[in-house]
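User: I am new to this structure and would like to go through its aromatic rings. Please take the questions one at a time.

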Amino acid sequence: MVSTQRRAGWEQLETTNAYERRFPTCPQMPIVLDCEIIEDNVFDNGARRDTKRRCKIAVEAPYLIKKIIGVDVVFFIQQNFLDMKTRTLNIEATNESFATRVEIFEKCRYYAHPENPDWTCFDQTATLDIKNFFGIEHSMEKMGMKQYTQTTLKGKEIIEFFVNELKQEGITHVDRWVDDATVTSTTAGTATNTTPPEKPPLCRDNSILDADYIAKYLGQLTPLQESKLVQLRKRFEHGTSEHPEPDYQTLLRFLRARDFSIDKATGMLQESLQWRKEQRIDSILGEYKTPAVVEKYFPGGWHHHDKDGRPLYILRLGTMDVKGLLKSVGEDELLKLTLHICEEGLRLMKEATKLFGKPVWNWCLLVDLDGLSMRHLWRPGVKALLRIIETVEKNYPETMGRVLIVRAPRVFPVLWTIVSTFIDENTRSKFLFFGGPDCMHAEDGIEQYIDTDKIPSFLGGSCNTLIHEGGLVPKHLYKSESIEETNGAIQAHDHHGLYKAVDLKPGQLFELLIRNTDPKSVLTWDFEVLKNDTLFAVFHTEKEIEQSGNDDFSSVFDGPDFKEGTNYKKIEQSVKCRPKEGVQGSHEMASTGTYVLQWMCPPSCDGPAQLMYFHEILSSANYKGSMTSLQSGFSSNSLQSR
């Protein structure tokens, strides 16, 4: 057993705030790959806070030792005990990995200097007890001591770095904690036979939020996050009847959307408040009248809550007549419908917070794609969807807690690759895909997110809903036949440069080589033929290949080392695409190797062909369900008019 102790001290006022910034990772400690809070409890009216984290640590060891133990990472459990009364922070860390072979215990303490309360002291001790470790106990002991010494030397450096960062942000003072109960008892005096007023959100000189309010309405906040929330509130504290002061939930959502940057959140919120004023959003719940067509043919509605208490909205997109709704009520009306749903979501979240006695500040969306087909890729419909997404992202950030995509058909990845690019990265991470027909009972099915008795009957559950199936909107209800078709093509500017243009002379080839290292991922494509006929096919090979050189009239498979059916094969048969036709398709890349998308202008053409293309890969980690090969589907002016 080895034991050691180190002590340090320095003059700082924001040590606790600075310490919180170390998580989940910090550049000064690259071996810490991630830290997850697994318990966080506040006691004694905010006087004490106990936090438990599970930390993922990279193994810094020679290659031979890594090979012997068979891991590159280990896990530690760290517990923090913050006592605001005594102004101390105690930290204990123990290893979770190899706990039966090695015992590591580290204890750190930050505390106020007994003679100078403006000074912070720090001490640190650790023990390492190696019982048996694959016969390399001595080497592990030396390596452990070296690692501990390096980590200790960095501790003071890291705290000072974040303290300086706080100062640069203008945070140079944090008020000391005051016991509200003591203050109340000493000032109550003559207050008898009266009901005490509800505690205001701000207390202690209007600089700190009430701990009970945070726990009940906002959820877990670090001291730094709380401080930034208060600072943002002060920037918007002078509301008017026309421009109400945002509540703390709204402020927190915009802060989270901008990684707690006060300036960025201020700019985003100011633009949103101006937009709300111009569009009369604050009156939409009382003034909005649902069009009769929407009431009868829009297949969406609210449905109970998910297991986390979030309001649940269900949209049966696969049975929705996108073209019919657009031509009946118009793009602006569909946007207004979406905004009404978002405002309803905000109201339902507040009701859920009161109902469940815990903060509920986002909602859950379940999208049923059964019935989704190429008709849903109608260009004006996709354009309207992108406009809706952009508006919601700007004005309702962090309101989407989880998105469950169920019964996703083979054509879905094509729509997803188009739409997902315009969704915030943080929101995209909340999407879960279920492709099999039995999305309810399958392993990792939706039962882990929605109570079984709340799963709607059309998904195999027992709960009836008022959400209808949608269906085709009768053409006599159409108000417009002039929605822009753009010759059936998505133009490059519509997608911020996602689509690329290619010109092919008669007989010329264009090939995209896609090297796949993720089995079960899904390759998707979408292209438009703008001029002359074009042949399209998809190939696969496990043999190493290189992009062809300057000879654009030869394929990568034209060399003597390749033989079709032996070391490469055509996995999507050739299709002939006419001008003004759009082609969409997807293929599950069941194995590794190289996949080749090939376009060719037939030698018999009387002029060059021109096309615009886009492709993307849907990771296997993001897709839950089977995805079989899909022969390319077509959409054109004639098809869109059906």
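This is a predicted model: local features need pLDDT of at least 70, side-chain atom pairs count only at pLDDT 80 or more; totals for chains, interfaces and linings use all residues.

User: How many aromatic pairs does the structure hold?
Analyst: Two rings count as a pair if their centres lie within 6.5 Å. By that rule, the number of aromatic pairs in the structure is 20.

User: Are the planes of Y213 and Y217 stacked, tilted or edge-to-face?
Analyst: The ring centres of Y213 and Y217 are 5.0 Å apart. Planes under 30 degrees apart would count as stacked and over 60 as edge-to-face. The planes of Y213 and Y217 stand at 40°, so this pair is tilted.

User: Which helix holds Y213 and Y217?
Analyst: Y213 and Y217 are four residues apart, about one turn of the helix. Both residues are buried. They lie within residues 211-218, which form helix α5.

User: What kind of aromatic pair do W302 and Y313 form?
Analyst: Their centres are 4.9 Å apart, with 80° between the planes. The cut-off for this class is over 60 degrees. The pair of W302 and Y313 is therefore edge-to-face.

User: Is W302 buried, partly exposed or exposed?
Analyst: W302 lies in strand β10, and its partner Y313 in strand β11, eleven residues apart. Y313 counts as buried at 5% relative accessibility. Buried means under 20% and exposed over 50%. With 24% relative accessibility, W302 counts as partly exposed.

User: Which residue has R54 over the face of its ring?
Analyst: R54 is 3.9 Å from the ring centre in question. That ring belongs to F75.

Definitions and conventions: Residues are numbered from 1 along each chain as its sequence is written. Side-chain values use heavy atoms; hydrogens and water are left out. Rings of Phe, Tyr and Trp (its six-membered ring) pair if their centres lie within 6.5 Å; planes under 30 degrees apart count as stacked, over 60 as edge-to-face and the rest as tilted. Helices (H or I, at least four residues) and strands (E, at least two) are DSSP runs, numbered from the N terminus. Buried means under 20% relative accessible area, exposed over 50%, partly exposed in between (1.4 Å probe, protein chains only). A charge sits over a ring if NZ of Lys or CZ of Arg is within 6 Å of the ring centre and within 35 degrees of the ring normal.
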